[in-house]
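Biologist: I have a model open on my screen and I'd like to learn how to read it. Could you walk me through a few features?

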Amino acid sequence: MMNPILTVWFKPKATTRYMIEHNKEKLSLILLMIAGIGGLLNALQETGINSVVSPALIAIIVLIGGPVIGLGGYYIGSWLYTVVGGWLDGSGTVQEMRKTFGLTAVTNLVLTVVVVIYVIIFGELYFQRPELMEVSVLPGGSAFLLGLISFLLGVWNIVITSKMTGVVHGFSSWKGFLVSIILGIAIALVTIPIVFFITAYSIL
C-alpha cells in the first residue's frame, strides 16, 4: 500500500503505476485543488493586490480561486498532456492521465505550506508591489529563501512530471520532459503577446 504524497518524491514511476492501477482519480483531483491555493498565493506575491482589495477579500479570492484553478488544471492539463504525448507516439489515455495528474501538484503542496507561513509572518507586505528599483519588499534573506525553495520544488516538479508522463504514455522520461517543453513553448507563444498588449495599454 503506497502513500502517493510521500512515495512520488523518490519513486515517481512506481507511484504513477499505483495511481493508475488503484484508480486514484479522486485523489488526483483533490491534490490539484489544494495545490491551486498555494499556486495562486505564490502568483499574487508582490503584485500590489493588497492596495486594491482588503485582506478578507484576498483570502476569499485565494480559497475559491485556488481550487478552481486546480480543477481547470485537472481537466485541461491532463487533456493537453494526453494530446501532446500522442503526437510523440504515446499510448496514454485521458482517463489514465487524470488518475495520475495530481502527482504534479505534490511539490506545490509543500509550496502552499511555505507560502501560507510567509503570509502569516509578513501579512500585507507579502502582497505589496516593490518600488521601481527594488528587487523585493521582503527582507533579503526571506526573499532569497522563498525563491530558493520555489526553484528547488520547481525542478523536482519537472522530474516528477516527466516520469509520470513517460509512464502514462509508455515512453521514456526524456520524451515526457519534451511534452512539458512543447506545452511550455505553446503557452508562452499565446500568453506573451497578451501580456505585452495589456502592459502597453496600461502604460498608454
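This is a predicted model: local features need pLDDT of at least 70, side-chain atom pairs count only at pLDDT 80 or more; totals for chains, interfaces and linings use all residues.

Biologist: Which residues does Asn 50 touch, not counting residues up to four places away in sequence?

Modeller: Asn 50 touches Ile 58, Glu 124, Phe 127 and Gln 128. Take Gln 128: it sits 78 residues from Asn 50 along the chain, yet their C-alpha atoms are separated by 6.3 Å.

Biologist: Now another loop. Where is the place of Tyr 126?

Modeller: Tyr 126 is in the loop between helix 6 (106–122) and helix 7. Its relative accessibility is 0%, so Tyr 126 counts as buried.

Biologist: Which residues is Tyr 126 in contact with, leaving aside its neighbours within four places in sequence?

Modeller: Quite a list: Leu 41, Asn 42, Gln 45, Glu 46, Val 115, Tyr 118, Val 119, Leu 138 and Leu 146. Zoom in on Leu 41, whose backbone oxygen lies 3.1 Å from a polar atom of the Tyr 126 side chain.

Biologist: Let's move on to helix pairs. At what angle do helix 3 and helix 6 pack?

Modeller: For a pair like this, read the angle along with the distance between the axes. Helix 3 and helix 6 pack at about 45°, and their axes are 8 Å apart. That angle makes helix 3 oblique to helix 6.

Biologist: What about handedness: does helix 3 pass helix 6 in a left-handed or a right-handed crossing?

Modeller: Left-handed, in this case. The contact has 10 nonpolar, five polar and no charged residues. From helix 3, the residues that meet helix 6 include Leu 31, Ile 34, Ala 35 and Leu 41. Among the partners in helix 6 are Val 106, Leu 109, Val 115 and Val 119.

Biologist: Can we try another pair? At what angle do helix 2 and helix 7 pack?

Modeller: Helix 2 (residues 12–21) and helix 7 (residues 140–169) pack at about 50°, with axes 9 Å apart. So helix 2 is oblique to helix 7. The crossing of helix 2 past helix 7 is right-handed.

Biologist: Which residues in helix 2 and helix 7 meet?

Modeller: On the helix 2 side you have Pro 12, Lys 13, Thr 16, Arg 17 and Ile 20, and they meet Ile 160, Lys 163, Met 164, Val 167 and Val 168 in helix 7. By class, the residues in this contact divide into six nonpolar, one polar and three charged.

Biologist: I'd like to look at threonines next. Is Thr 165 buried or exposed?

Modeller: Thr 165 lies in helix 7. Its relative accessibility is 0%, so Thr 165 counts as buried. Not counting residues up to four places away in sequence, Thr 165 touches Tyr 81, Phe 171, Gly 176 and Val 179.

Biologist: And where does Thr 104 lie?

Modeller: Thr 104 lies in the loop between helix 5 (94–100) and helix 6. At 14% relative accessibility, Thr 104 counts as buried. A polar atom of the Thr 104 side chain lies 2.6 Å from the backbone oxygen of Phe 101. Leaving aside neighbours within four places in sequence, Thr 104 is in contact with Leu 32, Asn 157, Thr 161 and Met 164.

Biologist: What is phi of Asp 89?

Modeller: About 70°, again positive, although Asp 89 is not a glycine. You'll find Asp 89 in the loop between helix 4 and helix 5. Its relative accessible area is 67%, so Asp 89 is exposed.

Methods. Residues are numbered from 1 along each chain as its sequence is written. Side-chain values use heavy atoms; hydrogens and water are left out. Contact means heavy atoms within 4.5 Å. Axes are lines fitted to C-alpha atoms, for helices over the stretch in contact, and angles run from 0 to 180 degrees between N-to-C directions. Helices (H or I, at least four residues) and strands (E, at least two) are DSSP runs, numbered from the N terminus. Angles under 35 degrees count as roughly parallel, over 145 as roughly antiparallel, 65 to 115 as roughly perpendicular and the rest as oblique. A crossing is left-handed if the near helix is turned anticlockwise from the far one by less than a right angle, and right-handed if clockwise. Ala, Val, Leu, Ile, Met, Phe, Trp, Tyr, Cys and Pro count as nonpolar, Asp, Glu, Lys and Arg as charged, and the others, Gly among them, as polar. Buried means under 20% relative accessible area, exposed over 50%, partly exposed in between (1.4 Å probe, protein chains only). A polar contact is a pair of N or O atoms within 3.5 Å; within protein, one must be able to donate a hydrogen and the other to accept it, and residues adjacent in sequence count only if both atoms are side-chain atoms.
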